[in-house]
Amino acid sequence: MIRKASNPQTRQRIEYAFNRRCMQENTAILEELVELRQKMADLLGYPTHASYITELRMSKTAEAVSSFLSELCEKLRPLGEADLKVMLKLKENECKELGYECDGKINGWDMRYYMNLVEEKHYAVDHNKLKEYFPLDIVTKGT
């Protein structure tokens, strides 16, 4: 599991393989889906599928969604930057301890691993304990 893989090369290989699974099959499906959604939007008189969907939902317009996301991004940016600093410090310390070269950044394949370390070290989150409160059969029924 990538959340526990301390070797950065292993994390990178796992992330690469995970993101490429069923790529050929899914690419064809997604291309067809995009075309069909655009056709539906055209038939209904909308410029995009997103415009159609947002009108049906609480957000009502693509502009409202964009504005909300921009405001949210600005509010969360300081928290994200602080979290990245904590993760980078953990990575630097771990690289020194384990003898790996530190590249000075949190890569995509590092994110889950260091998020997990932050949760365990700074917030005392134990994912195995957390699972006890969410039995699979109950969660499956709920979804």
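## Report on a pocket and a nonpolar core

In this predicted model, the second largest pocket is lined by Asn7, Pro8, Gln9, Gln12, Lys91, Cys95, Tyr100, Glu101, Asp103, Asn107, Trp109 and Asp110. Two or more of these lining residues come from each of the helices α1 (8–20), α4 (62–98) and α5 (108–122). The greatest contribution is that of α1, with 3 residues. By type, the lining consists of 4 nonpolar, 4 polar and 4 charged residues. The space in this pocket amounts to about 190 Å³. Rolling a probe the size of a water molecule over the atoms shows where empty space is left.

In soluble globular proteins, nonpolar side chains tend to be buried together. Here the largest nonpolar core has 7 residues: Met87, Leu90, Ile106, Tyr113, Tyr114, Leu117 and Val118. Both α4 and α5 supply at least two residues of this core, and α5 provides the largest share, 4 residues.

| Residue | Residues in contact |
|---|---|
| Met87 | Ile106, Met111, Tyr114, Met115 and Val118 |
| Met111 | Leu84, Met87 and Ile106 |

Met111 lies in helix α5. Why does Met111 count as partly exposed? Its relative accessible area is 28%, and a residue is called buried under 20% and exposed over 50%, with partly exposed in between. Met111 and Ile2 are 109 residues apart in sequence, and their C-alpha atoms are 9.5 Å apart in space.

How values were computed:
Residues numbered from 1 in each chain as written. Predicted model: local features only at pLDDT ≥ 70, side-chain atom pairs only at ≥ 80, totals over all residues. Heavy atoms only, no water. 1 Å grid on protein atoms, 1.4 Å probe; cavity = no way out; pocket = protein on both sides within 12 Å on 5 of 7 lines; lining within 4 Å. Points joined across faces, edges and corners; volume = space filled by probe spheres on them. Nonpolar A, V, L, I, M, F, W, Y, C, P; charged D, E, K, R; others polar. Core = buried A, V, L, I, M, F, W, Y, C linked by side-chain atoms within 4.5 Å. Buried < 20%, exposed > 50% of the residue type's maximum accessible area, 1.4 Å probe, protein only. Contact = heavy atoms within 4.5 Å. Lists of a residue's contacts leave out its neighbours within four places in sequence.
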